[in-house]
Amino acid sequence: MPGIVEFNNTVGHTIPADTPHAVSVSLPTWAANVGYEEGQDWVVSKMQTGYPRFFVHKSIDRLAVSIVAKYGSSANEKAMLFPSHAPASRCVAFFRKLVPGLASNQIRILDFVPNPSSHPQSENKKVLPRLAAVVYPKEHWPVAKQFWQHSGDGVSSRRAEFCEKAFHDGSMVERSTVVDIPRMKKGPRRYQRNLSKDEQHTQNGHYGQELIDGSDPSAFVEERFGRNLNMQFAARAKLAIRRRIAGSLTADAELHEALQHPEDSERTRQAHGFSVDDVYLYPCGMSAIFNTHRTLMLARPEEGASRQSISYGFPYVDTLKVLEKFGPGALFYGFGEKEDIDDLEKRLEGGERYLALFCEFPGNPLLKTPDLIRLRELSDKYDFAIVVDETIGNFLNVNVLPYADVVVSSLTKIFSGDSNVMGGAAILNPQGQYYQTLKKAMELPADQGGYEDNHFEEDSIFLERNSRDFVERIKRVNVNAEAICDVLTSCPKVKQVNYPKHSPSRPNYDACRLPNGGYGGLLSCTFWSLSDAMLFYDNLKTAKGPSLGTNFTLSSPFVLLAHFNELEWAAGFGCPADLCRFSVGLEDTQELCEIFKRALAAIPERVNDEVPTAAAPAGVAEVATAS
């Protein structure tokens, strides 16, 4: 297994270093995190990149500026870029809701399509450049940014680079300048049928064959063939991704070999009637959550218009925002305790009704695990859907599908591991009570709200390549995370450690844990003072920045970053500002433990009467005993 990876811990540099499409960015000190949140120039001016939904990649911004320069009506306009017209139209609807006074000519959509003179209609083997731009008054940038961040439906940086070249060489043009544009072949039925056909023809095309024979994907795609992406090979890569997510492809194998495996030869997800056709790809995990919520409202229009959804457990920041801003609102149970389910049951018995309950398994960053068995019983009795985000637990450790109507996941995280590509998935449970209505809604045309595959083909190629060895990586991460948990729980300088194995909610986790499953690679801890947390963080020699699920250990003052403008609110749910979160990687276990021990040693020793043990929260004693 790899040893400790050396990172360039310079403020604002990409993590990993020198990675054009990196998902994380270096914020190596506590002060740098505060500086980033406060917009201090010494941090912001050095930002080469950032987490993609919070930081618009420079390639995306560059193309948006070019589009406004050519098609804008004034210097007071900006553009937000989307992979197709449908998400762009949802952005416009969001604008109209938040800024109702906008005139029709103040916000508009520009659709960019392949230039027929550059791409004949008969040309169907190459990926062609397409995107949509929402042009709006620049003073409303905060509104556009909200939609970008919450929905996750913006263009990826790779798509932006691909389309930028086409925009400047004239092979991608604005739709109104072209006559008789061929209709796009989109939609889940065609999408699934093409993939099934591709599965039977995995040896076609020299592009795909050369890549699967071992060429480096970055060198192959970007140097040898430029941007002539092969559609058939990309479709096969997407099929392999979907089969891995379905749990029917767990072997570490080249793409050609992997697609020869019988679909049901290995199955980690147990649900009668489940198949790869129940797996849908999205540009990122947040897009999967946002679109699942949107599809539930579409599939059940009467309920979707009137019923709130439930956010159970302290959630990842944007999940709650989606439920609050895109629909009737949300009932929020931030503690995620048994008492919350008791309260929900009383409300249901009293006649209250809800559209869906969203939860994480386990939660981020407190690693609490919801009681899915009891929640499932309530949902069946009182007619609401359950949506489970399995990103943290991941499906090689736990099987939550039997208790969910929809399982969502961020493929950006441990499924990829390399921190250089975004992706998300939604998985439908064929035994769920809303399966047929959800399927029917997904099959609607995109302009009527149905599903469309907007995961950019080059991103899919990288994601397929990265995910081939995810089974072995998850095993290693499980071992390393438990070792770090032991280091932290044995140190009196640490106030509380949050990890599923040592949590009071462990029985809920174990109820869904697979026979060979572990407890995941994410944990967090708090300290006796903010100054202790700062000393520890500044002396911790790991990569430090946003995101999780990377092949290398990645640390972050998570609450500070995710809830900087609502720290008091977060603290009220047990998430104090001194909380540090660790996404544990593949490093040598002993070396990694020593790194954490040295950072803990930087915290000064306290005499006994200085340690407020009486104030320790419930569960700390149990954690220490269990370790």
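Guide: Happy to! Phe 54 has a relative accessible area of 26%, so it is partly exposed (buried is under 20%, exposed over 50%, partly exposed in between, with a 1.4 Å probe and protein chains only). Please keep in mind that this is a predicted model, where local features need pLDDT of at least 70 and side-chain atom pairs pLDDT 80 or more, while totals for chains, interfaces and linings use all residues. Residues are numbered from 1 along each chain as its sequence is written, and side-chain values use heavy atoms, without hydrogens or water.

Now for the rings. Searching the whole structure turns up 28 aromatic pairs (centres of Phe, Tyr or six-membered Trp rings within 6.5 Å; planes under 30 degrees apart are stacked, over 60 edge-to-face, the rest tilted). Phe 54 belongs to one of them, with Tyr 51 as its partner: the two centres are 6.1 Å apart and the planes meet at 50°, so this pair is tilted.

Tyr 282 and Tyr 451 make an edge-to-face pair, with 5.3 Å from centre to centre and 80° between the planes. This pair brings together distant parts of the chain, 169 residues apart: Tyr 282 lies in strand β7 (residues 279-282), and Tyr 451 in the loop between α17 (435-442) and α18 (457-466) (helices, H or I of at least four residues, and strands, E of at least two, are DSSP runs numbered from the N terminus). Both ends of the pair are covered: Tyr 282 is buried at 4% relative accessibility, and Tyr 451 is buried at 2%.

Ring pairs also build a cluster that links Phe 82, Phe 94, Phe 147, Phe 290 and Phe 326. Phe 82 takes us to the strands, since β3 covers residues 77-82. In β3, 5 of the 6 residues are buried, which leaves this strand mostly covered. Strand β5 (residues 131-137) runs antiparallel to β3, and 6 bridges join the two (strands pair when DSSP finds at least two bridges between them).

With 7 of its 7 residues buried, β5 is largely enclosed by the rest of the structure.

One last stop, away from the rings: the cysteines. The whole structure holds 0 disulfides (pairs of cysteine sulfur atoms within 2.5 Å). The sulfur of Cys 485 has its closest cysteine sulfur in Cys 525, 9.8 Å away, which is too far for a bond. Cys 491 is likewise in no disulfide, and its nearest cysteine sulfur, again that of Cys 525, is 9.1 Å away. Cys 485 is buried, with a relative accessible area of 0%, and Cys 491 also counts as buried, at 14%.
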